[in-house]
Amino acid sequence: MSSNPPPSEAKTQEYEFEQMNLQVGGRIQFITHRTIKPIQHFSTIIGWVKDEYLIVKVPFENNAPISINDGDKLTIRVFSGVNVCSFACVVQRVFPRPFFYAHLSFPVSIQGTSLRAAMRVKVDIPAQVTTPVGTTSVFLVNLSVSGALIESAKRLPEDDAQVGLSFYLIAQPGNRQVRVNPHATIRNINVVKPAAGDKPEVFTYGVQFVDLDPVHYTMLQNLTYEALIADRQKIV
């Protein structure tokens with residue numbers, strides 16, 4: 001996979017609620033406006049009642065819930081993997097300990113921009129590739145909802161071969177390890193020769209996922225989302 005330019009955003013436009021593709025358990029950016037400079041936090045969608053309210057977890061900072069009150073104005077930002085959408089809302093009711101969730105007003109106007117569909121995130125994740133001749137330990141160096149770039153010390157099958165891939169992602173809440181094991185098709189191969197002559201060459205493989213599990217797709221969306229809003233240097 002060749003490197004692509006930074007994601008380009010299209011002109012802002014109005015979006016319908018359904019176009020945000022909200023997922024229960026999905027992460028959102030939760031922006032408060034109680035100080036001169038808006039403060040960004042992360043939260044989780046619990047659910048919603050259409051045209052009435054959203055239910056979200058109260059964000060935590062330093063192992064404690066942030067301070068929010070009924071009537072506070074917020075901006076919520078949602079990344080769907082293709083679109084970044086944001087909307088203004090108001091805190092309707094806060095449910096404190098032991099629940100730590102809040103009802104927010106349902107969005108009236110949603111603004112969004114389209115992003116490159118398969119943005120890739122730089123990672124360094126150990127993985128296993130399974131082929132008809134056995135299993136090889138490799139590293140994933142970037143990931144997207146559509147595929148990955150693999151580095152391997154050993155040569156794998158040629159172009160268009162299908163392989164099994166297995167790696168782990170961290171899921172929230174609770175920092176749980178979730179095994180992701182899609183089938184993938186090898187689309188391109190490169191050989192990287194290290195500058196130091198005494199080091200062996202490295203094989204890189206661009207692979208495309210086949211029939212990715214919807215749960216794993218959502219996890220990869222969230223990985224991209226977090227990189228997009230927290231560390232754009234990871235976007236390739």
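Is C89 buried or exposed? In this predicted model, for which local features were required to have pLDDT of at least 70 and side-chain atom pairs were counted only at pLDDT 80 or more, totals for chains, interfaces and linings use all residues. Residues are numbered from 1 along each chain as its sequence is written, and side-chain values use heavy atoms, with hydrogens and water left out. C89 is buried, at a relative accessible area of 4%, where buried denotes under 20% relative accessible area, exposed over 50%, and partly exposed the range in between (1.4 Å probe, protein chains only). C85 is likewise classed as buried, with a relative accessible area of 1%. The structure holds zero disulfides, a disulfide being a pair of cysteine sulfur atoms within 2.5 Å.

Strand β14, which spans residues 162-171, is largely enclosed by the rest of the structure, because seven of its ten residues are buried. Helices (H or I, at least four residues) and strands (E, at least two) were taken as DSSP runs and numbered from the N terminus, and two strands were regarded as paired if DSSP finds at least two bridges between them. Strand β15 (residues 176-180) runs antiparallel to β14 and is joined to β14 by five bridges, with A171 standing opposite R176 in β15. Strand β16 (residues 183-192) also pairs with β14 in the antiparallel sense, over three bridges, and here Q162 stands opposite T185. A further antiparallel pairing, over three bridges, links β14 to strand β11 (residues 121-131), in which Q128 stands opposite S166 of β14.

Side chains of opposite charge can pair when their charged atoms come close. With a salt bridge defined as a side-chain nitrogen of Lys or Arg within 4 Å of a carboxyl oxygen of Asp or Glu, the count comes to two salt bridges. In one of them, the side chains of E18 and K50 meet at 2.9 Å, N to O. E18 lies in the loop between β1 (13-15) and β2, whereas K50 lies in the loop between β3 (39-49) and β4 (53-57), so the pair ties together parts that are 32 residues apart in sequence. K50 counts as partly exposed, at 40% relative accessibility. The other salt bridge is formed by D72 and R34, whose closest N and O atoms are 3.6 Å apart. This pair links distant parts of the chain, 38 residues apart, with D72 in the loop between β6 (64-65) and β7 and R34 in the loop between β2 and β3. D72 counts as buried, at 13% relative accessibility, while R34 is partly exposed, with a relative accessible area of 45%.

Rolling a probe the size of a water molecule over the atoms shows where empty space is left. A search of the whole structure finds two cavities of 30 Å³ or more, where a cavity is a set of points, on a 1 Å grid over the protein atoms alone, at which a 1.4 Å probe fits but cannot get out, and lining residues have an atom within 4 Å of a point. Grid points are joined across faces, edges and corners, and a volume is the space filled by probe spheres set on the points. The largest cavity holds about 110 Å³ of space. Its lining comprises 14 residues, of which N21, Q23, G26, F79 and N222 are the closest to the centre. Two or more lining residues come from each of β2 (27-32), β7 (73-79) and α1 (214-230), and the largest share, three residues, is supplied by α1. By class, the lining of the largest cavity has six nonpolar, seven polar and one charged residues, with Ala, Val, Leu, Ile, Met, Phe, Trp, Tyr, Cys and Pro counted as nonpolar, Asp, Glu, Lys and Arg as charged, and the others, Gly among them, as polar.

Backbone geometry was also considered. Most residues other than glycine have a negative phi, and most peptide bonds are trans. The peptide bond from R97 to P98 is cis, with omega near 5°, and P98 is found in the loop between β8 (83-95) and β9 (101-105). Phi of D51 is positive, near 70°; D51 lies in the loop between β3 and β4 and is exposed, with a relative accessible area of 60%. N62 also has a positive phi, near 55°, and is found in the loop between β5 (60-61) and β6, where N62 is exposed, with a relative accessible area of 75%.

Key: 1 Å grid on protein atoms, 1.4 Å probe; cavity = no way out; pocket = protein on both sides within 12 Å on 5 of 7 lines; lining within 4 Å.
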